[in-house]
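Here are my notes on the two-chain model you asked about. I have kept them as numbered points so that you can go through them with the structure open beside you.

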Amino acid sequence: MKTTKKLLSTSVITSLTALLLPLSAPAKADDAQKMHKLYEENCASCHGSDHGGFIAPGLNSESLKGRSPTALRSIIMTGSFDTLMPPFYGRLSDDEIRGLVKHLQTTPKMANPAWTIDDIKASIKVYVKDESTLPDKPTYQIDDINNIIGVAARGKYGRGSGSKAVFINSVTHKQIGEVATGTAAHIIDYDPANPRWAYVKNDTAEIFKVDLYSMQIVRSVKTGFNGPGLGVSRDGKYIMAGSYVPHNAVILDAKTLEPLKTFELEGIDPDGKMVSSDSGMIIGTPFADIFAIALENAGQVWVVDLKEGFPVTKIENVGRHLHDAFLSHGGSKLMVASYVDSIVTAIDLKERKIIKKLEAGCVPHVGGGSVVEVDGRTLGFGTNFGDCDKMVVSVWDLDKMEVVKQVPVSGGTESPAAHANAPYVAVDIISKDRRARTVQLIDKKSLEVVKTLDVGGHAYFPEYSADGKFLYISAGYSGDEVVVYDSTSLEKIASIAMESPAGIFSHGRVKYMTRGLSPDEMKGAK
Amino acid sequence: MKLRVLSGALMLGLLSTHSINAASIYAGQARAAAVCSQCHGIKTPSADAPFPPLAGRDFAYLKLALEQYRDKTRKNDLMNAIAGSLSDDDIANVAAYYAGLKP
């Protein structure tokens, strides 16, 4: 009897479990899937598709260990002031926010997710089938296509209707066109050979080929999950894109956006360790038919020849955690920033070797860099995050490759702007307090800060118009406008409204290669 | 007579802390830039944001709304928390700043 009862109860439990299991297990999986989808649709474009971080910190079980779920929930609700993190109150329900916090605190950083050449190929979208139907000149009034300034508008939420590339006529300061980019636009690059094409990359690694004459997207391709790396070859035939997620880069046919070759980014870092690497800057140069790409974690710069098979020359031991770079000397010298070593490494692209490592303040982020010719010297300007107490902008003599001066500024900086016809080098102060509203101006001759502009918002990414007469600055985060100044009088003369504007890219860059150089210097170099 | 002048001045003084003319739009701007604009923007919030624009709204309305959020007579978790620490001056300054902006 006892046995029977026991048997009975066991079988009841078994059958109950059998009944419950198929119900509860998928419910849990559904939940995880739902949270993963929420993450991808709201967070991943900034925090990384692999939960490992991109322009914002990684969100995973390791990085969020020990953090109070209540505190995390309130950050998601209200956003994080003085950063790009927007308030999700009203966009996500309280249950969704609670679910996300739990999901993030239990999800490890994902292994390098795959995005293969076939995935890239399959992602191509064609918006204009026959490019011969496009107008053969701009459909709007503009004297010179170099007067176009493109602004990467992030949009408040890093996605949605505010995310676009906005194009402005830098003589009239009026918007002449815009293209929607789905997620935050990050980089705008121009075809140096054909003035009509621009390439816009967003934070989810999609590249849009834009016809500047008709202001529309012609084609698009998704080259990865996250990563800003983008370059155009000097003949306009190739573009190269690099990703943080996954760790690869790809060369595309600029005409069709068809992928031609992918590169797995890995190598031996300066400490002798074999590492898989994020892609840092990618740059084409007027000097040769090559791309240079920085492997952030591997500390290497690869030079890819644009010929059969796209062979690679690897330059090792460039620095620890490379990021961005700029060109000088007709594009034959490349200055690469190394975060961890706080140096900028000068590379000779002709010899394909390191020339010298130069002091660069503290965590150098050179943005697009600036090079100016003053009193017979070629001076390079480098900004740096300045996370330590050394708040300076570095000035190097690029002929002798030595430090000329470390100019004291009021905080960390991210991007310098210069122009041959403008008297000042503008640097954006990014320190997270009221200083973030400001841009400081360094006199090219005295190499001292002579003026501080209170721009508003989080002011960053200054850029001069192609003629050098105007200085454009993004009043980003909650400033929501691009502000235009007269570059000599420094009077504010215009404002163009948009959501969270960030990088500003003058079409004039194709003419002077690096901001601050004159087009004549470029001709002389060729 | 003296008393009337005095009380008149007092009245004026009392009124002034609550009038748009006496409020400091500079202090209001600083507060708006640091706090309110995070959701409401300065001139306009995001097209995708579920938050109302504040630029150009009626001063008295903005002031009343903030007071009600602060005193929790108007309920909203987020706004009750944010307005909870505002002084009368803060409220007047912020309301004056946003009321004076062209949307």
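**Notes on the model**

1. Let us begin with confidence. Chain A averages a pLDDT of 92, and 93% of its residues score at least 70. Please keep in mind that this is a predicted model. The stretch to treat with care is residues 1-26 of chain A, where pLDDT stays under 50 and the model has zero contacts beyond four places in sequence. Where pLDDT is low, the predicted coordinates should not be read in detail.

2. Next, the overall build of chain A. Seven helices and 35 strands make up its secondary structure. A compact globule of 526 residues would have a radius of gyration near 24 Å, and chain A, with 25 Å, agrees with that. Taken along the principal axes, the box filled by its C-alpha atoms is roughly 105 × 55 × 55 Å. Burial applies to 51% of the 526 residues. Among contacts in chain A with a separation of 6 or more, 49% join residues 24 or more positions apart.

3. Chain B is built from five helices and zero strands, and its pattern along the sequence reads α-α-α-α-α. Of its 103 residues, 29% count as buried. For contacts in chain B with a separation of 6 or more, residues 24 or more positions apart account for 67%.

4. How do α2(B) and α5(B) cross? The axes of α2(B) and helix α5 (residues 88-100) of chain B come within 7 Å and cross at roughly 90°. Since angles of 65 to 115 degrees count as roughly perpendicular, that is the term for α2(B) and α5(B). On the α2(B) side the contact includes B:I25, B:A27 and B:C36, while the α5(B) side includes B:D90, B:V94 and B:Y97. By type, the residues of this contact divide into eight nonpolar, four polar and two charged.

5. Now to where the chains meet. The contact takes 14 residues from chain B and 19 residues from chain A. On the side of chain B that touches chain A, α2(B) gives the largest share, with four residues. That side of chain B divides into eight nonpolar, four polar and two charged residues.

6. Is B:C39 buried or exposed? B:C39 counts as buried, because 24 C-beta neighbours lie inside 10 Å and the cut-off for burial is 20 or more. Not counting residues up to four places away in sequence, B:C39 touches A:P87 in the other chain, along with B:P45, B:A49 and B:F51.

7. Some loops of chain A deserve a look at the backbone. The peptide bond from A:V245 to A:P246 is cis, with omega near -10°. A:P246 sits in the loop between β10 (238-242) and β11 (248-253) of chain A. A:L257 has a phi near 65°, a positive value in a residue other than glycine. The loop that holds A:L257 runs between β11 and β12 (259-264) of chain A. A:L257 counts as buried, because 25 C-beta neighbours lie inside 10 Å.

8. A:H329 is another residue other than glycine with a positive phi, here near 50°. Where is A:H329 found? A:H329 is in the loop between β19 (322-328) and β20 (333-338) of chain A. With 21 C-beta neighbours inside 10 Å, A:H329 counts as buried.

9. Finally, a strand residue: A:I355 lies in strand β22 (residues 353-359) of chain A. A:I355 is partly exposed, because 15 other C-beta atoms lie within 10 Å. Leaving aside neighbours within four places in sequence, A:I355 is in contact with A:A346, A:I347, A:D348 and A:M401. The C-alpha atoms of A:I355 and A:T345 are separated by 7.5 Å, and these two residues are 10 residues apart along the chain.

Technical notes: Residues numbered from 1 in each chain as written. Chains lettered and ligands numbered in written order. Predicted model: local features only at pLDDT ≥ 70, side-chain atom pairs only at ≥ 80, totals over all residues. Helix = DSSP H or I, 4+ residues; strand = E, 2+ residues; numbered from the N terminus. Rg over C-alpha atoms; globule rule 2.2 N^0.38 Å. Buried ≥ 20, exposed ≤ 12 C-beta atoms within 10 Å, placed from the backbone. Contact = placed C-beta atoms within 7 Å. Nonpolar A, V, L, I, M, F, W, Y, C, P; charged D, E, K, R; others polar. pLDDT = per-residue confidence, 0-100. Axes fitted to C-alpha atoms, helices over the stretch in contact; angles between N-to-C directions. Parallel < 35°, antiparallel > 145°, perpendicular 65-115°, else oblique.
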